[in-house]
Amino acid sequence: EESAAVAMVNYFTNCVAQLRDRSVYVQFSTHTRLKTDQTHSNSSASAQAALQAAQALAGSDGKEQVGGANTVLRVIVEHMVYPVTLDVIHQIFSRVGKVMKIVTFTKNNNFQALIQYPDVITAQAAKLSLDGQNIYNACCTLRIEYSKLSNLNVKYNNDKSRDYNNPNLPSGDPTIDMSALHQTNALATQSLGMLGSPFAAMGLAGLTAATHPFGPAATAA
């Protein structure tokens, strides 16, 4: 549809796409439709060879390799002076677009998260706008790259993983007390309320105390 093409051009005009550290510009073509026929057999052969080369680079299983745009982002939190939870990650990344799934874990003594968006454009927008941002003042820095995974397999909804499209998943531990978990998170955010807002650098510091995850003091930062 023409409206979809217009929306796409407008989006990438304001937010230039990056592919392997190079800018990609989107413009309208002078052609209104594409046609192929046998008179362009050499061109078709070249296009087919290019497609096969791209598939070879992606791997025989078709999964994305490091560096390629993907719906799943891998996030590493550096200089984590204060605790970061799954709910905090969701609060931040859902401001860019709908978050489908999150899986958190610790690797090499670093808190990490895998975040899945419904489409590549939203994931790319999140990477461009949030990479290098601090969750709190001068600490808890987000380092974001595209994951090799194209889909997250979430089996449990708890403090480590969450499928926001399937709220009926089990917690994975029958002894876990979700109400106590939320109460602990609430106490943690209250103690961190004096710190700067993670959205201040993005012009969102004017959020009301009722909706801000870090309390009234953070909104004044």
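Me: What is counted as a salt bridge, and to how many does the count come?
Reply: A salt bridge is a side-chain nitrogen of Lys or Arg within 4 Å of a carboxyl oxygen of Asp or Glu. The model is predicted, so local features need pLDDT of at least 70 and side-chain atom pairs count only at pLDDT 80 or more, while totals for chains, interfaces and linings use all residues. Residues are numbered from 1 along each chain as its sequence is written, and side-chain values use heavy atoms, with hydrogens and water left out. By this rule the count of salt bridges comes to 3.

Me: Which residue forms a salt bridge with R74, and how far apart are the closest N and O atoms?
Reply: The partner of R74 is E145. This pair links distant parts of the chain, 71 residues apart, with R74 in strand β3 (residues 72-78) and E145 in strand β7 (residues 139-146). Helices (H or I, at least four residues) and strands (E, at least two) are DSSP runs, numbered from the N terminus. For R74 and E145, the closest N and O atoms are 2.4 Å apart.

Me: Is R74 buried or partly exposed?
Reply: Buried means under 20% relative accessible area, exposed means over 50%, and partly exposed lies in between (1.4 Å probe, protein chains only). The relative accessible area of R74 is 23%, so R74 is partly exposed.

Me: Which side chain makes a polar contact with the side chain of Q112?
Reply: Q112 lies in strand β5 (residues 110-116) and is buried, with a relative accessible area of 2%. A polar contact is a pair of N or O atoms within 3.5 Å; within protein, one must be able to donate a hydrogen and the other to accept it, and residues adjacent in sequence count only if both atoms are side-chain atoms. At 3.2 Å, the partner side chain is that of R74.

Me: Which residue forms a salt bridge with R143?
Reply: The closest N and O atoms of this pair are 3.1 Å apart. R143 is in strand β7 and its partner is in strand β3, 65 residues apart. R143 counts as partly exposed at 37% relative accessibility. The partner is E78.

Me: Is R162 buried or partly exposed?
Reply: R162 forms a salt bridge with D87, the closest N and O atoms being 3.7 Å apart. R162 is in strand β8 (residues 161-163) and D87 in helix α3 (residues 86-93), 75 residues apart. D87 is partly exposed, with a relative accessible area of 28%. At a relative accessible area of 15%, R162 is buried.
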